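Colleague: Please pick one part of this model and go through it closely. I have not looked at it before.

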Amino acid sequence: MTCSEGCTSCNGFSLIVLVVLAVVLNTIPLISYKLQSDELSKNPISCFEWWFPGIIGAGVLVIPAIVMSLAARKRAFCNNRLGMILSSFLSVLTIGGAVYCILVSLLALSEGPLICNYNGNSTFNCEFSMKNLSDIHDQLQQPITLRWFFSPTCQPEIPNNSVPDNSINIFQRTNTLTFSSEENKHKIIHLTVFVGLLLVGILEILFSISQIVTGLFGCLCGVSKRSRKTW
């Protein structure tokens, strides 16, 4: 077995694990809200799980590259130069899906969960459209501070002249890391899901780049010949 065949097998199985993880992460907010309210299509924990960054971006769009990578590995039916070069081309599709997953995850981390929307739990911003996709770049120009997560509450602060702005102590900030309230629960789920999807997207890009290089190397140098058994 050549190095290209070994790397192709490793990349294929690694992408399988990442796809499963991405799909699970994408469905966590949906399932969590379903268990709480018996409603699946109204006011989810977050806007952006309905854009399916894990199910489509880091999931469905990765499957062709996985199939081709496993088909081009040792003793598989596409274990040849053509199979290697096809695995490289399909890895470009994986990179596109992973980039989509990363962009949506960054936007979700920037905006925060719906409970941190001062206008209420409106699903208006959840609408998936080409305009919203084109606006991602503009919205990501601002730094992601995660202020919605580290603030003691997402509710608008009521001015109080007797309490200074810096009166929030460390203990109050630590409480945001617990499931002590519905707001904290939504914050933790939102942060966990989209940080996880962000990492999955990055790893998928790295494995796809590795497969592009591996596939080109396998196409140029060839694969190992199948040995014939003698009886």
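Modeller: Phe13 is found in helix α1 (helices are DSSP runs of H or I with at least four residues, strands runs of E with at least two, both numbered from the N terminus). This is a predicted model, where local features need pLDDT of at least 70 and side-chain atom pairs 80 or more, while totals for chains, interfaces and linings use all residues. Residues are numbered from 1 along each chain as its sequence is written, and side-chain values use heavy atoms, without hydrogens or water.

Phe13 is partly exposed because its relative accessible area is 44%, and that class lies between buried (under 20%) and exposed (over 50%), with a 1.4 Å probe and protein chains only. An α-helix has 3.6 residues a turn, so residues three or four places apart point the same way.

Glu5 also lies in α1, but Glu5 is buried, with a relative accessible area of 0%. The C-alpha atoms of Glu5 and Met84 are 8.7 Å apart, although 79 residues separate the two along the chain.

The largest nonpolar core has 34 residues (buried Ala, Val, Leu, Ile, Met, Phe, Trp, Tyr and Cys joined through side-chain atoms within 4.5 Å). Helix α1, residues 3–37, is among the elements that give two or more residues to this core, as are α4, α7 and α9. The most comes from α9, with nine residues.
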